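Please look over the sequence and the model shown below before reading on.

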Amino acid sequence: MGVRYGRFIAKHRALIIIIAVILLIPAGIGYISTKINYDVLSYLPNTLETVYGQDVMVDEFGMGAFSMVIVEGMENKDVQKLKKEIEKVDHVKEVLWYDDALDITVPIEMLPDQLRNALFTDDATMMIALFDKTTSDETTMEAIQGIRDTVKDQAFVSGMAAITTDIKSIALHEMPIYVAVAVAFTLVILLLTMDSFITSVIFLGGIGIAVIYNMGSNIFMGQISYLTQAIAAILQLGVTMDYSIFLLESYRENKEKYPDDNQRAMAHAIANTLKSVTSSSVTTIAGFLALCFMTFGLGMDMGIVMAKGVVMGVLVCITFLPALVLCCDKVITKTSHRNLLPSFVRTSRVIHKGWLVLFIVFLVVLPFAWYGNANYHTAYGIADSLPQDLDSAIANHKLNDEFHMNNMHILMLPSDMDAKEKKEINSKIKKLDGVKWVLGISEIVGEKLPEMMIPDRLREKLSGKEHEIEFICSNYRTSSDEVNKQVGEINDIIKKYDERAMIIGEAPLTKDLRETTVTDIRNVNIISIGFIFLIIMVTFKSIILPVILVAVIEVAILINMGIPFYMGTDVSFVASIVIGTIQLGSTVDYAILMTSRYQKERLDRKRSKKHAIAIAHHTSIKSILTSGLIMFGATFGVAMVTNIDLIDSICSMLARGALISTVCVILFLPSLLMVFDKLICKLTWSMRKIDW
């Protein structure tokens with residue numbers, strides 16, 4: 001069946017290339033048309049009250065995001081004019097300032113204390129701009145840019161909406177650079193590891209087409225995260241390049257069998273590749289799909305796109321790539337040169353002889369890696385992941401310097417709540433550590449003003465059919481332990497009065513993100529290990545081999561995740577969730593490759609355990625090193641050029657993880673096979689009769 005399929009591909013190679021090129025048109029349209037989401041917090045589950053509260057704000061008040069606008073050195077009458085200009089910007093729902101409560105002719109000194117402290121300092125004032133959509137919505141980012149264009153250098157726009165807008169700006173600028181750098185690094189590695197320049201270009205062309213197909217098909221998902229867009233193509237390049245190498249090596253072997261019939265040689269090569277690549281890709285796909293079991297929606301986003309990318313890579317490898325190789329066969333042959341990589345026979349011999357020492361090293365490294373992995377610090381602050389010279393960062397610093405304010409929470413109290421209860425709630429919240437002020441309707445106009453005297457325009461802005469909005473100023477930074485404790489205390493206070501009361505905003509969302517991801521990390525790792533364990537168990541029909549192979553890669557993951565602890569650096573929350581699963585899924589094939597050869601030598605050729613392991617090691621080391629270097633090159637280049645710490649953290653840890661997995665498999669797996677050979681023979685179905 002496989003050979004018959006291979007003959008069809010070889011015979012109709014020109015037609016397949018034409019079809020593949022034509023398919024780039026709809027794929028390219030899908031690629032360009034897919035919406036990109038730049039707000040990571042929007043992937044929190046809808047079951048969380050903080051997320052539900054945002055939806056309530058949109059439905060009830062027609063607003064979903066807000067920004068603080070800081071104006072320096074401007075008279076109040078000019079600030080009022082600027083406010084009116086900002087209100088004209090599309091998708092700006094409202095702008096809150098003190099003229100909503102009192103006429104600007106009223107001296108600032110006569111304003112209620114809460115209002116004066118909230119909106120004024122010595123030389124600056126603050127307005128609160130409310131948008132009609134959520135932070136992640138494209139129109140909100142357009143509104144932020146519209147405000148910036150309006151105020152120019154007269155004011156500064158801060159808040160999560162401004163941060164998201166800057167993330168979009170950086171990402172749009174850097175995405176093409178990521179691809180270019182990844183391709184350049186991969187090309188260099190291919191030139192060092194392959195024996196033909198043309199082959200390297202053909203491989204990159206094939207992977208490029210698979211990437212466009214994958215990213216184009218994302219249009220059926222509606223939208224993807226900018227993080228997924230940034231790393232999915234790079235990972236697809238790093239993970240699926242091996243499949244192209246498998247095909248070419250098999251083609252060359254079959255050309256020696258059928259020197260006068262290239263089509264026949266390719267037909268058999270496709271059949272062989274189909275079998276090996278399909279089984280190899282299953283573990284990678286399983287690792288990526290494990291991300292879909294996260295409650296944090298970013299996992300589903302990344303998991304589907306990356307798993308789909310592997311499938312696309314396999315399809316291109318057994319259709320377009322063989323057709324292209326056949327068409328370019330003469331050019332490939334003419335441009336071939338001596339392989340620049342050594343055979344590693346001596347290196348393998350040294351490693352094999354020192355197996356006992358390496359086994360001891362494995363046992364010594366394990367507890368240190370385990371401890372480091374259990375104690376690294378995770379960073380959840382999104383604003384801190386961006387360059388500090390961005391508009392949003394400058395505005396946030398202004399907010400802190402001028403108003404001594406790091407955060408603003410939104411309190412949503414039921415409209416039918418008794419006025420006395422609202423006053424008690426505000427009084428208790430003001431006494432909490434880190435709370436600078438609470439700004440509701442009564443605080444804006446003054447607590448002594450009768451309810452009937454509250455200006456209608458202010459009531460319409462802050463009071464809806466079911467809820468009334470208040471703003472809480474916090475001195476604590478987002479994601480800090482202090483602000484998380486503060487949010488929890490505020491929530492406890494409001495729930496005692498009414499279960500319908502809610503606290504929302506960046507800090508409450510980030511607190512929920514922290515609590516959600518802690519559970520996700522554990523669950524996803526368990527699921528990915530379980531998936532891959534079962535696949536290896538079925539592949540080798542063994543109970544012990546999955547334990548050994550997964551253990552080698554898991555130690556590599558522990559080392560990778562433990563290094564930040566010993567270096568005193570933070571790990572981004574996204575990296576802490578996805579690295580373990582991605583590293584396991586994408587590098588466990590290194591261990592499978594060597595183990596497959598060990599099993600073949602031990603079982604089919606009746607080798608002794610030492611001889612079988614030695615052959616498996618020195619024949620696999622070059623392929624494993626090539627795979628690891630390609631994965632390293634594709635991700636390391638992106639980490640070098642990006643200005644977004646979330647992407648830097650993911651890519652640098654993937655690059656480091658690829659090298660660590662490569663080293664662990666090359667150094668530790670042979671020693672584990674030596675130590676457990678007797679047990680492997682007993683607990684592996686096909687090897688149970690071997691006379692060990």
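In what order do the four strands of the open sheet lie? The order is S9-S10-S8-S11, and the pairing is antiparallel; helices (H or I, at least four residues) and strands (E, at least two) are DSSP runs numbered from the N terminus, and two strands pair if DSSP finds at least two bridges between them. Strands S9 (435-439) and S11 (502-504) stand at the edges with a single partner strand each, so one side of each has no neighbour in the sheet. From one strand to the next the twist averages 25°, where axes are lines fitted to C-alpha atoms, for helices over the stretch in contact, and angles run from 0 to 180 degrees between N-to-C directions. This is a predicted model, in which local features need pLDDT of at least 70 and side-chain atom pairs count only at pLDDT 80 or more, whereas totals for chains, interfaces and linings use all residues. Residues are numbered from 1 along each chain as its sequence is written, and side-chain values use heavy atoms, with hydrogens and water left out.

Within this sheet, strand S8 (residues 407-414) and strand S10 (residues 467-474) run antiparallel and are joined by eight bridges, with proline 414 standing opposite histidine 467 of S10. Strand S10 also pairs with S9 in the antiparallel sense, over four bridges, and there tryptophan 437 has cysteine 473 of S10 as its bridge partner. Eight of the eight residues of S10 are buried, so this strand is largely enclosed by the rest of the structure; buried means under 20% relative accessible area, exposed over 50%, and partly exposed in between (1.4 Å probe, protein chains only). His467, Ile469, Phe471 and Cys473 point one way from S10, while Glu468, Glu470, Ile472 and Ser474 point the other way.

Turning to the cores, the largest nonpolar core has 157 residues, and those with the most contacts inside it are Tyr226, Phe296 and Met302; such a core is a set of buried Ala, Val, Leu, Ile, Met, Phe, Trp, Tyr and Cys residues joined through side-chain atoms within 4.5 Å. Leaving aside residues up to four places away in sequence, phenylalanine 296 touches several residues, including Tyr43, Leu513, Phe573 and Ile577, a contact being heavy atoms within 4.5 Å. A second, separate core of 55 residues includes Phe66, Met68, Val79 and Leu82.

Taken as a whole, the protein has 26 helices and twelve strands, and 56% of its 692 residues count as buried. Among contacts between residues at least 6 apart in sequence, 81% join residues at least 24 apart.
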